[in-house]
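Take a look at the protein below.

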Amino acid sequence: QQEKLDQLSLGLSTEGLSQILGNPSEESTPTLWGADGLTHKTIKYPKEGVELDLVQKADSSYSVNMITITAPCKFKTLKGIGIDSDAQSIKSAYSDYIDIKELSESQIVAGSIYGGIVFRLENQKVKSIFIGASAE
């Protein structure tokens, strides 16, 4: 099952996105990425603590490619982890998926850096949650 943050998920259309969050307050200029040969743009909802990387599809529409949330976002993962959850809760909830090589005081990776969830920590509490591929 694909991870979500409440209703936010990878592959979500811009229409679906506007139903959940409305219109973004910031949007970058679409840019062609050499890494994947696709056109990306970043949209931000600072008041909600949400930043999204969108990728252009064959029909020219965009869909969610990567998700990052920070405070004050209240969204939670399918396993109930959100901003300010503690490191132990993550380790319990995602015990089968934690990448030990990527484990540190400042981050816990569930899945892999090629596609999964990255929990960034500060003082053993979640500061941000990233879903997507963070490495090529």
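Buried residues make up 39% of the 136 residues in the protein. The model is a predicted one.

## Overall build

The protein has two helices and 10 strands. Starting at the N terminus, the order of elements is β-β-α-β-β-β-β-β-α-β-β-β. The radius of gyration is 15 Å, close to the 14 Å that the globule rule gives for 136 residues, so the protein is as compact as a globular protein of that length.

The C-alpha trace spans about 40 × 30 × 25 Å along its principal axes. Now consider contacts with a separation of 6 or more: 39% of them join residues 24 or more positions apart.

## The nonpolar cores

In soluble globular proteins, nonpolar side chains tend to be buried together. Here, the largest nonpolar core has 30 residues. Leu8, Leu17, Val50, Leu52, Ile69 and Phe119 have the most contacts inside this core. At least two core residues come from each of these elements: α1 (14–21), β5 (39–45), β6 (50–56), β7 (62–70), α2 (87–93), β8 (107–112), β9 (115–122) and β10 (125–132). Which strand gives the largest share of this core? That is β7, with four residues.

Now follow Ile69. Set aside its neighbours within four places in sequence. Ile69 is then in contact with Leu5, Gly49, Val50, Phe75, Ile83, Lys127, Ser128 and Ile129. There is also a second, separate core. This one has five residues, among them Met66, Val109, Ile113 and Phe130.

## Charges

The protein carries 13 positive and 18 negative side chains. How far apart are the centres of the two sets? They lie 5 Å apart.

## A look at Ser104

Where does Ser104 sit? Its place is in the loop between α2 and β8. Why does Ser104 count as partly exposed? Its relative accessible area is 33%. Buried means under 20% and exposed means over 50%, so this value falls in between.

Ser104 and Arg120 are 16 residues apart along the chain. Their C-alpha atoms are separated by 9.5 Å. Find both in the structure and trace the chain from one to the other.

Methods. Residues numbered from 1 in each chain as written. Predicted model: local features only at pLDDT ≥ 70, side-chain atom pairs only at ≥ 80, totals over all residues. Heavy atoms only, no water. Core = buried A, V, L, I, M, F, W, Y, C linked by side-chain atoms within 4.5 Å. Buried < 20%, exposed > 50% of the residue type's maximum accessible area, 1.4 Å probe, protein only. Contact = heavy atoms within 4.5 Å. Rg over C-alpha atoms; globule rule 2.2 N^0.38 Å. Lys, Arg positive; Asp, Glu negative; His and termini not counted. Charge placed at Lys NZ, Arg CZ, Asp CG, Glu CD.
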